[in-house]
Amino acid sequence: MNEQSLDKKKKTVTKKRAVITMIVGLIIGLALITAGIIRTNAIERNAAADKPVLAAELAALADQEFDLEKQQRDSFLENGFSDEYYEIARQLEQIGEEIRDVKSQLRNTENLTFEKSKSIPFFVFGGFIIFLTILGSLSAFAAAKVRSAMPDPLETMKQARADAPKVARTCPKCGATTLPDANGRCEYCGGAIQ
Ligand SMILES: [Zn+2]
């Protein structure tokens with residue numbers, strides 16, 4: 001295998017590696033962004049599914065509260081502050097607590113900004129990885145292009161020597177009229193000519 005085909009093979013391997021790195025980077029970046037989108041959609045879907053359930057729960061609790069308040073009024077009118085009255089008051093307190101809890105859950109289904117904001121890192125990291133991957137690949141390809149466009153200095157020197165006009169010279173060593181070879185030496189005695 002000569003030098004040129006070895007160099008070509010090396011360049012191909014470098015290019016292949018750059019392409020594989022780019023593909024892997026893009027896959028990781030896109031996977032992160034997809035995970036972020038799936039997560040955000042799930043939050044919206046869950047909230048949309050929870051909302052009617054919570055609203056129904058709240059309505060049922062409000063009905064219970066209404067009925068108990070009526071019972072409490074009737075009990076008071078009949079027996080004043082009896083044990084029954086205080087038992088109903090205790091139940092009302094418990095229902096009031098449950099209503100506050102359901103209301104707060106309902107508010108959470110309406111304001112998803114905070115929950116959704118937890119997906120931001122997925123988009124930021126995914127985008128950052130894609131950005132770095134593209135940047136890295138572009139610079140790798142640009143470097144490869146510059147390298148292949150740049151002339152090999154050794155080749156250039158050899159070419160310049162081959163292109164140099166052949167001029168007959170007198171050898172200072174043997175005195176023969178000679179055409180110096182590629183290395184600037186006498187073709188008869190091998191002596192250096194200037
Ligand atoms: Zn000579």
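**Reading a predicted model**

Modeller: In this predicted model, A143 sits in helix α4, which covers residues 120–149.

Colleague: Why is A143 called exposed?

Modeller: A143 has 12 C-beta neighbours inside 10 Å. The cut-off for exposed is 12 or fewer, so A143 counts as exposed.

Colleague: Where does A143 lie relative to E78?

Modeller: The two are 65 residues apart in sequence, and their C-alpha atoms are 95 Å apart in space.

Colleague: What elements does the protein have, and in which order do they run?

Modeller: There are 5 helices and 2 strands. From the N terminus the order is α-α-α-α-α-β-β.

Colleague: Why is the protein called more spread out than a compact globule?

Modeller: For 194 residues the globule rule gives 16 Å; the radius of gyration is 44 Å, well over that, so the protein is more spread out than a compact globule. Along the principal axes, the C-alpha atoms fill a box of roughly 145 × 25 × 20 Å.

Colleague: How many of the residues count as buried?

Modeller: Of the 194 residues, 5% do. In α2, the buried residues include I88, V102 and T109; buried requires 20 or more other C-beta atoms within 10 Å.

Colleague: Where is confidence lowest, and where highest?

Modeller: Confidence is lowest in helix α5 (residues 153–163), with a mean of 77, and highest in α2, at 96. For the protein the mean pLDDT is 89.

Note on methods: Residues numbered from 1 in each chain as written. Predicted model: local features only at pLDDT ≥ 70, side-chain atom pairs only at ≥ 80, totals over all residues. Helix = DSSP H or I, 4+ residues; strand = E, 2+ residues; numbered from the N terminus. pLDDT = per-residue confidence, 0-100. Rg over C-alpha atoms; globule rule 2.2 N^0.38 Å.
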